[in-house]
Structures are given as C-alpha cells and as structure tokens.
Amino acid sequence: MNGNLREPGQHAARPPLIRELLLVVGLFLVYKLGRQLANGHTAEAFHNADRVWSFERAVHLPGEGVVQDALLSSDTLVHIANTYYASVHFPATIALLVFLYLRRPRHYLWTRRVLAALTAAALVLHLTFPLAPPRLLAATHLVDTAQVYGPSVYAAKPATDTMANQFAAMPSLHFGWALMVAIGLVAATRSRWRLLWLLHPLFTLVVIVGTANHYWLDTIVATLLLGAALAVIRLPRAVDATGFWRHLFPVPAPSTAPHPVESRRTPTPWTPAPAAFRTPPDALTAADVLAATPTHIPAEVIATPGAPSTPTAGLATGAAR
C-alpha cells in the first residue's frame, strides 16, 4: 500500500492492540452467527429473488448475463474472477485495517466504525430479507461459475452449507467492503495515484455480477448503506481529508493562527498629543520679549532744505513704554 501519508494525525494515539483484536474478532463472530440464523428460509429467499429480478427488468437495469458472457469468453478470465471473489474479500479488508492501525490510527478508528455500521445494517437485511443469488435462480439462466470452473467457497447445495449462508445476497458486502477499502485508502494517503484504489471496487463489481453471486440491486443497496454510514460517522477533525473526499464530507482545517494571550499589564495612561509647532530651544519666548526694556532707539536724521546742518535728533533715550 502507498506509504505516502498525510501529516495531520500522524502522531495520534493508537488504541490498544489486544482490545482492537478482541473487538474485531467479536464483531466478525456476531456477524457470522447472525448470517447462520438467517439460513433455512429457502422458499422466502427464492420468492424475494423473483421479485428482485422482476424489479430490475422493470426499471431497465442491464442484465447480469451481459457481464457473465464477457467472462465466459475465456476460461482463464472466468477462473481469475472466481479466484478474486474467493480470495480478495477478507484479506483486502484486513490488510486495510492493519495498515491504518499502524500508520494512521485516526483513520483506523473511523474506518473500523464505518465497516462495523455497514456490516450491522447488512445483517439486519440478511435476517429480514433473505435472498437467493442469481446463480441459484432458474429464471436468470446464469451459470454458477464457481461450481463449473472453480474455485468455489460455497457448498454445491445451499441447504447443506454449514460455513456460509447462501441466501444472504442483499446487500453485497463484497462490494460494500471493497468500496470502503478504496475510500479509506484515498482518504488516508496523499499520492497523486491514490484514486486508482477505486479500481478495487470496480473489479469487485464486475466479479460478483459476472459470477452470478449478486444482482445489480445488491450493490446499489450496499452503496446506499455505506453512504449513510459515512454521513453519520464523520472523518475525525484532526485528519486532513483531501482529494475527492473533501468535497463529499469536508473537514475544517485546524487554525494555525496563535491564540490571543491575555495581557495583565497596567494600561499606559493617556497623554495629549504633542503640539504641532515647538519653539526652538535657543529662541526667545513671549515672556522674554515682554520683559525686555530697550535702552536706546535709533532715530532717522532727515535733512530739511534750508534748515541748519545739525541734526534735529540724534539718539533718543527713554524708558520703554
């Protein structure tokens, strides 16, 4: 898996390993037990299969046989599809959880909760709406490719199958889990190629329909249930969701602005603004001008025609004012 990871959440607290192992194993055992409780409703399962098949034709969904015909064009291709169905479902999901637990704890918690919610909702439908897969419904005229070409994970007769409930086709957890694996990896990695993980649910869709293990409607219902789980169980705030995921469920980015620190200093008292003009230090002030007493005042000597040449006034002395 891609190790090019996002920085946010890298140092998040990792839940205790033993607790998580017990929790995941316990949830899986509860699910398997619930599926077994839904076994045995053969008549109801085939009745529901007829209804689903008729509904798909009524809404003009493409026939599952179109995909199967493409697989049956090559024995190797159909064998690969059967192998993919039998061997990728559980290992891919477990690998995702291990990867996220070790490298992205916050993404792990989110993914584990979403998978648990999706599986619980699927179990409710398995109990309330038993459904025979299209490979068992004669009206579909489809081939049970696992029994014909191998490998197969189911017994030849559903009534004798003690390992799996073959009447739990609705919804398809094969597709639901595969889609969550892709979404989890797209949200947790930052590689420019991360959208290629969506090929996993696409291949799974082709495989489960082409091998006649599921109807189109099974995958549609699984997608709706997963969407509801994702809408309720949001990506943790500390995780940076980018790519196509942020457009579906945006997560507010943590603020990088420093928090304001309360100041307890004594406020500076108000002082008036300085005057626009100041008297230079060496200039006379108004008081200096008023206190000065002139000792002499120069007088202008004006010569009058015909008057004696002696000046009429020289220096006039007197007190100021």
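Buried means under 20% relative accessible area, exposed means over 50%, and partly exposed is anything in between (1.4 Å probe, protein chains only). With that in hand, R57 is partly exposed at a relative accessible area of 27%. This is a predicted model, where local features need pLDDT of at least 70, side-chain atom pairs count only at pLDDT 80 or more, and totals for chains, interfaces and linings use all residues. Residues are numbered from 1 along each chain as its sequence is written, and side-chain values use heavy atoms, with hydrogens and water left out.

**Salt bridges**

- A salt bridge here is a side-chain nitrogen of Lys or Arg within 4 Å of a carboxyl oxygen of Asp or Glu, and by that rule the count is five.
- R57 pairs with E56 at 3.4 Å, N to O, and E56 is buried, with a relative accessible area of 0%.
- R57 also forms a salt bridge with E64, where the closest N and O atoms are 3.7 Å apart; E64 counts as buried too, at 0% relative accessibility.
- R135 and D144 meet in a salt bridge at 3.6 Å, N to O, and both of these residues are buried.

**Where α3 meets α9**

- Helices (H or I, at least four residues) and strands (E, at least two) are DSSP runs, numbered from the N terminus.
- Helix α3 (residues 64-71) packs against helix α9 (residues 199-210) at an angle of about 95 degrees, with the axes 8 Å apart.
- That makes α3 roughly perpendicular to α9, a label for angles of 65 to 115 degrees; under 35 is roughly parallel, over 145 roughly antiparallel and the rest oblique.
- The axes are lines fitted to C-alpha atoms, for helices over the stretch in contact, and angles run from 0 to 180 degrees between N-to-C directions.
- On the α3 side E64, V67, Q68 and L71 make the contact, and they meet V206, V209 and G210 in α9; contact means heavy atoms within 4.5 Å.

- The peptide bond from G150 to P151 is cis, with omega near -10 degrees, and P151 sits in the loop between α7 (145-149) and α8 (173-188).
- M170 and P171 are also joined by a cis peptide bond, with omega about -5 degrees; P171 lies in the loop between α7 and α8.
- H60 isn't a glycine, yet its phi is positive at about 65 degrees; you'll find H60 in the loop between α2 (42-58) and α3, exposed at 71% relative accessibility.
- H141, another non-glycine, has a positive phi near 60 degrees; H141 lies in the loop between α6 (105-128) and α7 and is exposed at 72%.
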